[in-house]
Every structure is written in structure tokens, then in C-alpha cells.
Amino acid sequence: MRHTLVARVCDQPGVLNRVASLFRRRAFNIDSLTVGGSETPAFSRMTIVVDTRRTRADLVAANLRKLVPVVDVQDVTHLPTVERDLALIRVRCEDGERPEVSELAALFRARVVDVAPGSLMLEVTGSEEKVEALLDLLRPRGILEMARTGKVAMVRGSVVNGCNGNGNGHGNDATEPQSAQSGSNG
Amino acid sequence: MILTGAQILWECLVREGVDTVFGYPGGAILPAYDAMLEYPVRHVLVRHEQGAAHMADGYARASGKVGVAIATSGPGATNLTTGIANAMMDSVPTVFITGQVPSKVLGSDAFQETDVTGITLPITKHNALVTDAADIARAVREAFAIARAGRPGPVLVDICKDAQQGKTEFVYPETVELPGDRKAPAIRKEDIGRALALIAAAERPLILAGQGVVASGAGQALQAFASTADVPVALTLLGIGGFPPSHPMCLGMMGMHGEAYVNTAIQEADLLLAFGMRFDDRVTGNLKTYAQRSKKIHVEIDPSEIGKNVPVDVGIVGDLRQVLEAMLKELPAKRHQAWHDQIEHWKGDTRARDILRQPDNGRLHVAHVINDLWETTGGGAVVVTDVGQHQMWEAQYYRHEQPRTLITSGGLGTMGFALPAAIGAKMARPDAEVWVVAGDGGFQMTQCELATLQQERLDINIAVINNGYLGMVRQWQEFFYDKRYAATPLLSPDFVALAGAYGIEGHRVTRRSQVAPAVQAARSSGRAALIEFQVEKEEAVYPMVPAGADLHAMIRRPQPAVGEEVAR
């Protein structure tokens with residue numbers, strides 16, 4: 001299966017190199033690695049997805065913790081989390097097909113962010129599965145170009161705050177696009 | 001106080017307790033060398049930077065203190081890398097200081113520029129590039145803290161030339177604050193309880209003791225543990241010295257060249273207690289068939305080692321000595337007589353096959369040389385070995401009663417280690433009797449350090465075990481490559497004349513009767529001596545587990561090992 005690790009690391013030159021070097025040298029298989037800012041300017045946040053059929057997540061975490069600039073590492077796989085992947089997809093689309101594609105995009109709460117003769121660019125945010133599902137539907141039309149960010153993940157507040165009374169914590173996923181995209185109308 | 005970066009470097013080194021450094025100057029490190037003259041530090045000028053790295057390593061292993069080596073940018077730094085990798089594999093606390101081109105030309109392929117932090121990233125615990133004098137103190141302070149902390153290891157600080165020259169206010173960081181929680185986790189009581197329950201239930205328990213015993217100073221606690229719980233102890237190569245061979249519970253070395261009964265005991269045990277060791281492939285053989293019948297308790301300071309190669313039932317992260325002391329409080333006394341009897345039975349004809357029991361028939365066998373060296377030195381010498389057949393014979397036949405008296409390259413298997421590491425060991429422990437035991441191949445890799453030895457007037461004795469081959473490789477060719485001796489016959493210089501060229505007394509020994517007198521003469525001369533032992537050319541180290549084979553599938557000693565005609 002796939003495990004998701006969240007690591008906070010010092011925001012200093014060479015940290016990504018240290019992490020990548022560790023994965024290479026230990027022959028760890030990583031599905032995705034995203035790096036970005038965190039709530040603390042001094043720290044960056046990495047989300048690492050490990051394919052545990054080939055690489056043990058606990059060994060990845062234990063080795064990451066040995067790197068000096070790594071502040072902490074948490075395996076959030078079995079915690080209720082919000083997980084998001086963002087994709088920009090340029091799909092083949094002739095003039096007459098635009099309503100069709102737009103309708104499909106709307107079903108996934110994806111947005112059309114660029115229109116050109118013969119193609120549309122869509123922006124979709126959601127779980128990796130949702131992005132995959134949209135891609136599956138678009139593929140027959142011809143995906144001309146795609147960029148995905150890889151997964152970012154955050155443990156739900158009900159767990160962080162110590163009251164895990166929200167069942168499995170996944171109950172709110174129906175509202176995911178709104179919460180993920182609020183205030184980002186570009 | 002306004003100081004140059006170079007002065008700050010030495011201020012920090014001296015505050016870390018450094019009084020000896022091993023190094024080689026060059027353009028990018030010149031400001032540091034110039035400032036060095038103002039500080040109470042003994043600098044040992046080596047002949048090749050690899051030697052400096054091994055000296056720092058030997059210094060650290062002999063003393064337990066951090067060893068320090070210093071080199072210039074580019075080739076100076078790249079020459080260190082073998083020694084750094086060696087210290088990494090064997091967890092030796094070391095700090096390497098390298099000069100770097102001025103910060104404003106970094107990345108421009110400047111003269112003698114190399115990406116040293118890039119090159120050493122996978123072979124250091126941590127490294128840092130310093131481009132500003134104001135950052136030197138913190139970088140050096142952190143380097144020592146990291147080198148010592150938890151599982152020790154090498155740290156490299158690469159300092160740009162302009163950072164060494166720049167002036168800044170010197171503020172010594174009294175405390176080190178590293179990101180994250182670097183403290184060893186508290187020992188969990190429930191883990192101790194689970195371990196004790198497994199020990200109480202075991203009928204065939206066996207301790208596997210590694211270098212962690214030495215590193216954490218757990219020798220006394222281990223002896224008390226083994227005696228109280230009545231558990232035999234097998235040692236890894238780097239665990240030798242951690243548990244005395246004279247102790248009734250001591251079985252000796254395990255693994256590829258361990259005794260067959262030790263490996264059989266590992267395979268048949270119902271509980272393995274792995275103390276400060278990492279289940280290296282040289283001690284496990286085939287992991288699929290390794291110790292299938294046992295529960296396993298692994299006590300280890302590095303969490304990433306627990307479960308890495310061998311799944312364990314109880315993993316305890318912590319300092320071995322503290323864990324053993326915590327266990328000892330509740331450890332019930334037990335007896336395992338049937339188990340001891342069983343191991344004794346497995347010993348069988350091991351002693352009878354032992355080459356020490358065989359006549360020499362006028363030939364010189366390495367096992368006899370090592371045995372006589374052990375006897376003549378009263379077992380009290382610090383022996384620094386190189387890598388290969390002689391190393392395994394040393395481990396088998398020199399009985400090390402005290403920790404830090406066998407210094408050897410384990411994980412990396414670095415030929416050329418012995419002579420420079422011995423120089424480091426002697427600098428750390430000037431009162432100790434230090435012997436180099438090296439093969440003719442490895443010795444020639446770093447023999448230039450004979451000049452360093454003489455320059456420092458060190459009383460180190462050197463045993464060159466000369467069989468005219470790269471012996472261990474030849475042995476593998478004999479066993480596994482149909483005796484096709486590709487590139488293993490080796491031409492050597494006249495070692496006695498070579499020693500003479502450096503002003504070192506040399507002797508040649510070709511018969512067993514000459515061994516003890518030559519060793520005694522060397523140790524009483526009060527100065528360095530080199531003895532070349534011209535030994536049997538095509539002897540093999542037994543017993544042997546072929547690489548990747550099942551641990552119990554050993555190639556045993558031929559019987560008799562000596563006395564039959566050996567084709568020459």
C-alpha cells in the first residue's frame with residue numbers, strides 16, 4: 001500500500017538534496033515528494049508518499065529523522081487527514097466540444113483556466129483518486145500536457161486537538177473542493 | 001573579541017578538547033594553518049590525506065574522543081573521502097575540516113574547487129559549507145556535537161578561504177540547538193518488561209555483542225548480564241574487546257570467519273539478544289535462513305537499524321549501557337546447563353582441527369605468528385589491523401581482553417587502514433604498546449605514512465604479513481573462481497630495506513622459532529620497528545561462510561590443516 005509521511009524540515013539550502021540523496025542511497029522507492037512552505041517561516045513541509053510494497057515507511061521515517069535539518073516526521077497514513085493533489089491539464093478540445101468538456105470539468109469542480117484554439121486547460125484539486133478519475137475521463141480526448149503537484153496532506157483538527165470524536169474523520173470529504181479552493185478564484 | 005575566521009576555528013577546536021590534528025596544508029586552507037601556530041595544538045603532517053582521515057579514525061577508536069583531520073580544497077578533500085566513508089561505516093566520531101575556494105568564486109570551477117559537501121553528503125552524518133566567518137563557531141560546535149551524539153560518526157565542515165580570512169566578533173556558542181528532538185528517547189519500561197519475559201522463557205539464549213558495547217562503555221554491565229542470566233556471548237568483529245575471551249560465557253567471533261559452533265549456536269538459539277550490532281551481511285549470511293528458530297531482542301541506539309535487516313520481536317532504542325543497567329535491576333538468575341552442553345558438543349573436534357595444534361613443519365603460518373605475537377605481548381597490545389586474511393587470523397588468534405585494543409576497518413573493509421590508524425592510536429594513547437598487523441597488499445597502499453611515523457618519533461611496531469598475494473581475494477578465487485588467480489600475485493619491495501630507507505629498523509622472519517624473539521626485540525627497542533613475516537603463500541582462512549550462503553553451511557577447517565603437502 002501507500003504510506004504518507006509528513007516531514008517538517010529547516011528551510012535552508014541543500015535540504016531537498018539531503019533528502020533526495022538519502023532516498024537514492026538507501027534505494028527507497030518514493031511515489032511522490034512535495035515541498036513547500038509551512039506555518040513557520042523557518043520550516044518547510046514535505047509530503048512523501050512511499051510505496052510500501054517495495055520500501056518500508058518506518059525505515060524511511062527513521063532515516064529521515066537522522067538528517068540534522070529534519071525537525072520531525074509523522075506517518076499520517078492511518079490518521080484522518082485531508083489530502084490534496086493539484087493538476088493542470090491541457091486537453092485536446094475542438095471548438096464544438098467546449099460545452100462537453102466544461103460540463104465534465106464542472107462535475108469534478110475543476111475550472112477552465114485557459115482556452116485556446118483546439119485545447120482547454122483545466123485546473124483540478126482534490127484527492128489523488130479524484131484527479132485520476134478525471135484524467136481517465138479526459139484521456140480519450142487526448143491529454144496534450146499535464147502537470148501535477150503531488151500530494152500534500154494535513155491531519156484533521158479533531159485529531160490534532162486531541163479529541164478524536166469525529167468518527168473516522170473522513171465524513172467531510174464531500175465538501176473538499178470548496179474548502180480547498182476558497183478564495184482562489186484566478 | 002574580534003578574530004579572523006581561522007582563529008575562531010582554532011578557538012573552537014581547542015574548546016572541544018582537541019590537542020592533536022592530522023592534516024596536510026594547501027591554498028584554500030592556508031589561513032587556518034597560519035593561525036594554527038598561535039594555538040596549543042599538535043599538528044601531524046601526513047603524506048597523503050587518506051592517511052590523515054585514518055589517523056583521526058584510529059585516534060578516536062583508541063581513545064573514544066573525537067578525531068580531527070584537516071585538508072585543503074579539491075584533491076585534499078577528495079583524498080579524505082575513503083577515510084570518511086570508513087568512519088561512517090564503523091560509526092567513528094570524527095570531524096573533518098576542509099578549505100574551500102573563496103565564496104565569491106564558488107561554482108565557477110575555480111582552481112582546486114570541488115563540491116566537497118556534495119561529494120561527502122552520503123558518507124557523513126552531516127556536513128556544512130561555511131561562507132562567512134560569523135558562521136564558523138556555530139558550524140564547528142555543531143559538528144562536534146553531532147559527531148558524538150547518539151550513534152557517532154563523521155562530520156565535515158567545508159570553510160571558504162574568505163570566511164577563514166574575514167574578521168568578526170567571536171562569540172562561542174555555549175549550547176548547541178539542533179532542530180528536532182535529538183535526545184535519545186527514554187527507555188520504555190514496557191519494552192524492558194517484554195524483553196525480560198522473553199529472557200525468562202528462553203532455554204537457548206545467545207547474546208550477539210557488537211561495537212555498541214565498546215562505544216557505550218557497557219562491558220561491565222554485559223559481563224554482569226551474561227553471568228546472571230547465564231547466556232553465552234558471541235562477538236562481531238568490531239565487538240571484539242567488548243567482552244573478554246577469558247570470560248566463561250565468551251564464545252568468540254561470529255559470522256563469515258567465526259567458529260562453526262558459534263554460528264551453529266546462532267542458528268539453533270531460541271532467543272537472540274542483539275546488543276549494539278547491526279546484523280551486517282558478514283555476520284548473518286543468507287537472511288532467509290538466518291536464525292529462524294529464535295525470538296529476537298535488539299538493543300540499538302540508532303532506530304533506523306532496528307528491523308533493517310532482521311525482523312525483531314522487541315526493539316529497544318537507547319544507550320546500551322543504560323538499557324543493560326535497567327534490565328539488570330530485574331534480571332533473574334538462571335542456568336542453561338543443557339544449552340551450554342549442547343554448544344560444547346558442537347565444538348566437537350574444533351580444537352583438534354585448530355592450526356595452533358598442528359606442527360609447523362618448518363613453515364610459517366599466520367595463525368602461529370598471531371598467536372606468538374599475542375603471547376609475547378602478554379595480550380596487552382593495541383593491535384591495528386589492515387583488511388584481509390591477516391585481519392581474520394588476528395581476530396581469531398589474538399585474544400583481546402580489553403576494549404579499544406583491536407582497531408580494524410569493519411564495514412568498509414579499507415585496505416591501507418592499519419598504518420595510519422595506528423599512528424592515530426599511538427597519538428591518542430602514547431603509553432600503549434601499538435602494533436600494526438598488515439598484509440603485503442594493504443601495507444603498500446599507505447606505506448608512505450612510514451615517514452609520518454618517523455617524523456613524529458612514534459614507537460609503533462609493524463608486522464607485515466607477506467604471502468606474495470592479495471590473500472583474501474586469492475582465497476575467493478581458489479574457492480569460487482576455479483583457482484584462476486587474476487591480478488592477485490603481488491610484487492613487493494624489500495620491506496626491510498624499505499623500513500631502512502625511512503630510518504626504521506627492519507627484520508625478516510621466515511621460521512616460527514624466530515617469531516617471538518623478533519617480536520620481543522621490536523617491543524624492547526624503544527623505537528619503531530618493522531618485521532616482515534614471509535608466510536605460507538596459499539593458505540586459506542577457515543572456517544568460512546561463503547558470501548550469501550546459509551550461516552550454518554560453513555566450509556570447515558581441513559583436517560589436518562597442516563602436515564600434508566601443500567602445492568606451492
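Reader: Which is K483(B), buried or exposed?
Author: This is a predicted model, in which local features need pLDDT of at least 70, side-chain atom pairs count only at pLDDT 80 or more, and totals for chains, interfaces and linings use all residues; side-chain values use heavy atoms, with hydrogens and water left out. Residues are numbered from 1 along each chain as its sequence is written, while chains are lettered from A and ligands numbered from 1 in the order in which they are written. For burial, under 20% relative accessible area is buried, over 50% is exposed, and in between is partly exposed (1.4 Å probe, protein chains only). The relative accessible area of K483(B) is 54%, so this residue is exposed.

Reader: What is the phi of K483(B)?
Author: Most residues other than glycine have a negative phi. K483(B) sits in the loop between α21 (471-480) and α22 (495-501) of chain B; helices (H or I, at least four residues) and strands (E, at least two) are DSSP runs, numbered from the N terminus. K483(B) is not a glycine, yet its phi is positive, at about 55°.

Reader: Thanks! And where is A27(A)?
Author: A27(A) is not a glycine and has a positive phi of about 55°. Its relative accessibility is 58%, so A27(A) counts as exposed. You will find A27(A) in the loop between α1 (15-25) and β2 (30-37) of chain A.

Reader: Why are the buried residues of α23(B) on the same side?
Author: Helix α23 (residues 515-524) of chain B has V515(B), A518(B), V519(B) and A522(B) as its buried residues. An α-helix has 3.6 residues a turn, so residues three or four places apart point the same way.

Reader: How far apart in space are T98(B) and R523(B), C-alpha to C-alpha?
Author: T98(B) lies in strand β5 (residues 94-100) of chain B, and its 0% relative accessibility makes it buried. Leaving aside neighbours within four places in sequence, its contacts include I29(B), L80(B), V116(B) and D158(B). R523(B) is 425 residues away in sequence, and the C-alpha distance is 37 Å.

Reader: What radius of gyration does chain B have?
Author: The C-alpha atoms of chain B fill a box of roughly 70 × 65 × 40 Å along the principal axes, and 59% of its 568 residues are buried. The radius of gyration is taken over C-alpha atoms, with a globule rule of 2.2 Å times the number of residues to the power 0.38. For 568 residues a compact globule would come near 24 Å, which agrees with the value for chain B, 24 Å.

Reader: How many strands does chain A have?
Author: Of the 186 residues in chain A, 42% are buried. The secondary structure of chain A has six helices. Its strands number nine.

Definitions and conventions
Contact means heavy atoms within 4.5 Å.
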